[in-house]
Amino acid sequence: MNEQALLGLADDELVLGWRDSEWTGIAPMLEEDVAFSSIAQNEIGHARAVYELLAGEEGDADALAFDRRPEDYRCAPLVELHLLEWAHTIARRWLYEVADEIRITALKDDSDTAAAGLAAKIDREEAYHRMHAEMWHEGLRDEPRFREAVEELWPYALGVLPGELRSELVARVGLAEVEAVERGAHTEELAPLWEEMTMVRRSAPAGAQW
Amino acid sequence: MVAATQVWEALEEIPDPEIPVVSLVDLGVIRSVDVENGHVLIEFTPTFLGCPALEAMKRAMEEKIPGAEVKVIQDDSWSTDRITPAGRAKLRAAGFAPPAPREASAPKLVQLQANVFRCPYCGSTNTRLENIFGPTPCRSLRYCKNCRQPFEQFKTI
């Protein structure tokens, strides 16, 4: 996986971690409040590890995470969407986990041993996110509201993966391949998220201490 | 000059920041200690990548062993299987059910829902999964139907 793809992975995990953390305190039930908070924490941990890998020992992972302009992020539009509606939130979680599993599985066999080793570690943690997503998917798969949310987000889900990995996603999700909402362009929802996410960092350019 | 055994002894005195009944050595997160010409190199593996205790653990090691270099290894070399038998006993005594052994394939939801996890209070396996997630990334929540006590179950990683 090249550097741009790894940066895409880190940005996906950072931004989705941010979005999932928006449920902290307001999820429809306490168990999901705990689950989304924990999943978000793991995702941001994965993002940090990949930024550290990309930055190298002398580099600054925080600078990579927070000092770019919103248009320079490589995240997929799927993770940017501000979806404070439960059916769409669960549909995104499930679609993202299916796509991410395909991507992480491929990365585990990468010739870059540091990236492959990190992918193996991430994969162990993601197993629990997949269980959570699958549990919800099994419960809601026949509900029209959930089906509609999945179909609406499907072009975005395809955009998480590079072309060569999409056929597996198509097979696993069971929907026909359509034109993907590709990585590179951003939704309008990224800029406000970026404003909030980088606010502390920008307020203390010399480095915040606490 | 400091010897590797002294470094291990010092590390045994550093408690886990979130579960202070176990030390970093009990948790199995110290992969290696190398001492060469007075320079101490500690290789350390995080439990979960998003664990906020990671920085605290690194700092505690650097304070306990002045001059030591702590290298964080971010690969799959840590598993909950590396928690020592002493560490597992201490966890159980503190009300945390130790993790099940790691298997070749990732754990599945049906396994977590099975009646094989033992309550750390009464020892019954008549327990049910309440939540895959818990107060920290490394724990799930279970409920013991025998002694009617909720408890925290370490996830297998």
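Me: Among contacts in chain A between residues at least 6 apart in sequence, what percentage join residues at least 24 apart?
Reply: The model is predicted; local features need pLDDT of at least 70, side-chain atom pairs count only at pLDDT 80 or more, and totals for chains, interfaces and linings use all residues. Residues are numbered from 1 along each chain as its sequence is written, while chains are lettered from A and ligands numbered from 1 in the order in which they are written. Two residues are in contact if their C-beta atoms, placed from the backbone, lie within 7 Å. For chain A, with the separation set at 6 or above, the share joining residues at least 24 apart is 70%.

Me: How many helices are there in chain A?
Reply: Helices (H or I, at least four residues) and strands (E, at least two) are DSSP runs, numbered from the N terminus. Chain A has zero strands, and its helices number 10.

Me: What is the radius of gyration of chain A?
Reply: The radius of gyration is taken over C-alpha atoms, and the globule rule is 2.2 Å times the number of residues to the power 0.38. For 210 residues this rule gives 17 Å, and the value for chain A is close to it, so the chain is as compact as a globular protein of that length. The radius of gyration of chain A is 17 Å.

Me: Which helix gives the largest share of the side of chain A that touches chain B?
Reply: In this interface, 24 residues of chain A are in contact with 17 residues of chain B. The elements of chain A that give two or more residues to that side are helix H2 (30-55) and helix H6 (113-140). The largest share, 13 residues, comes from H6(A).

Me: Which residue stands opposite Glu43(B) in E3(B)?
Reply: Two strands pair if DSSP finds at least two bridges between them. Strand E2 (residues 39-44) of chain B is joined by four bridges to strand E3 (residues 69-72) of chain B, and the two run parallel. The residue in E3(B) that stands opposite Glu43(B) is Lys71(B).

Me: Which strands stand at the edges of the open sheet of four strands in chain B?
Reply: The order in this sheet is E4-E7-E6-E5, with mixed pairing. Two strands each have a single partner strand, so one side of each is left without a neighbour in the sheet. They are strand E4 (96-97) and strand E5 (127-131) of chain B.

Terms used. A residue is buried if 20 or more other C-beta atoms lie within 10 Å of its own, exposed if 12 or fewer, and partly exposed in between; C-beta atoms are placed from the backbone.
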